[in-house]
Every structure is written in C-alpha cells, then in structure tokens.
Amino acid sequence: MPTRTTGAIAQDWEPVVLHKSKPKAQDLRNPKAVNQALRTGAEVLTVKKFDAGSNKKTAGPVVYARKLDEAAEPAALERVGGEVRHTIQKARLDKKMSQAELAKLINERVQVVQEYENGKAVPNQVVLGKMERVLGVKLRGKIGK
C-alpha cells in the first residue's frame, strides 16, 4: 500500500502558455494561406523570380553556335561500308546464327545488328570488336575503307 506524506500539499498554480508553432515555408506558399493572409490584412511578401514566365531556355549567342558547328563539320556521319556489311552477314550466316542470337552474344539490341547489316549504323569500334570476337572475322582496319 502506498504511503502518504504527512506534510502540507502544495499545488503549482503558475499559468502555462501554449504557443502555436511557426508555419513552415511550404505552408506559406500555399494559395489558401496567401488568400487568408490577404483577407486578414497581414503582410504578404512577393518576390519576382529571374526570367519567370519566359519560355527561353538559351541565350542569344548560343543559338548561333549550332550554325557554326554545322559549317565547320560535315553534316553526314560516316556509315558502315559495304564490305563490312557483307562480311558480317556472311560470317553470321556461315555460323547459322540469327540476328537476335548475334545480338544476344554481343550484348547489344537486335536493332544494332540490323543497322550494321543494312549499312545504316555509324561504326563503333567497341561493337565491331564484339562482332569480330563472336564471328571470328576481321571487321576493323583496311577492309572498311
């Protein structure tokens, strides 16, 4: 059984004041909070952002950089040569492989193999090296030039 003290019991009657926490910045940007502040006459801070509302992504001089690049460099990129195309096709068919099987063996998409065999691909030395290894033929060097 609990024991009680025999002295005088005093109570603390000090007032306790609870304050609301400050609103977060995210809540202050809420349209409802802004409208409420305007209705009550509270101060509302407005800041205009730099280039707000404009649809410009680049400055003026950068637009002309593309024209300079096109003038200095050739427009068309070099594609896979005819000899390389035929060598890939012939070696693949000799090994009785489909384009999908070759693509899987070199860890590329089927579309990449199709582009190389159709002559639409821009030669990539890494891809050509993988094809050389799997097919056992030479694709890089003097044969494509």
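**Entry 1: around H6**

I began with the buried residues of H6 and found that they pack against H4, helix H5 (99-105) and helix H7 (125-135). Helices here are DSSP runs (H or I, at least four residues), and strands are E runs of at least two, numbered from the N terminus.

A note on what I'm looking at: this is a predicted model, where local features need pLDDT of at least 70, side-chain atom pairs count only at pLDDT 80 or more, and totals for chains, interfaces and linings use all residues. Residues are numbered from 1 along each chain as its sequence is written, and side-chain values use heavy atoms, with hydrogens and water left out.

Which residues of H6 are buried? I get Val112, Val113, Tyr116 and Glu117. Buried is under 20% relative accessible area, exposed is over 50%, and partly exposed lies in between (1.4 Å probe, protein chains only). These residues cover an arc of only 130° around the axis, so they sit on the same side of H6. The arc is taken from the directions running from the helix axis to the C-beta atoms.

I also checked what follows H6: Gly119 comes just after the helix and has a positive phi of about 80°.

**Entry 2: H4 against H6**

Next I looked up the packing of H4 (residues 82-94) on H6 (residues 110-118): the angle is about 120° and the axes are 7 Å apart. That makes H4 oblique to H6. On the scale I use, under 35 degrees is roughly parallel, over 145 roughly antiparallel, 65 to 115 roughly perpendicular, and the rest oblique. Axes are lines fitted to C-alpha atoms, for helices over the stretch in contact, with angles from 0 to 180 degrees between N-to-C directions.

H4 brings Arg85, Ile88, Gln89 and Arg92 to this contact, while H6 brings Tyr116, Glu117 and Asn118.

**Entry 3: Arg92**

I wanted a closer look at Arg92, which belongs to helix H4. Is Arg92 buried or exposed? Arg92 is buried, at a relative accessible area of 9%. Leaving aside residues up to four places away in sequence, Arg92 touches Met97, Ser98, Gln99, Leu102, Glu117 and Leu135.

**Entry 4: the whole chain**

Zooming out, I count 7 helices and 0 strands. Of the 145 residues, 17% are buried. For contacts with a separation of 6 or more, 54% come from residues 24 or more positions apart.

Conventions: Contact = heavy atoms within 4.5 Å.
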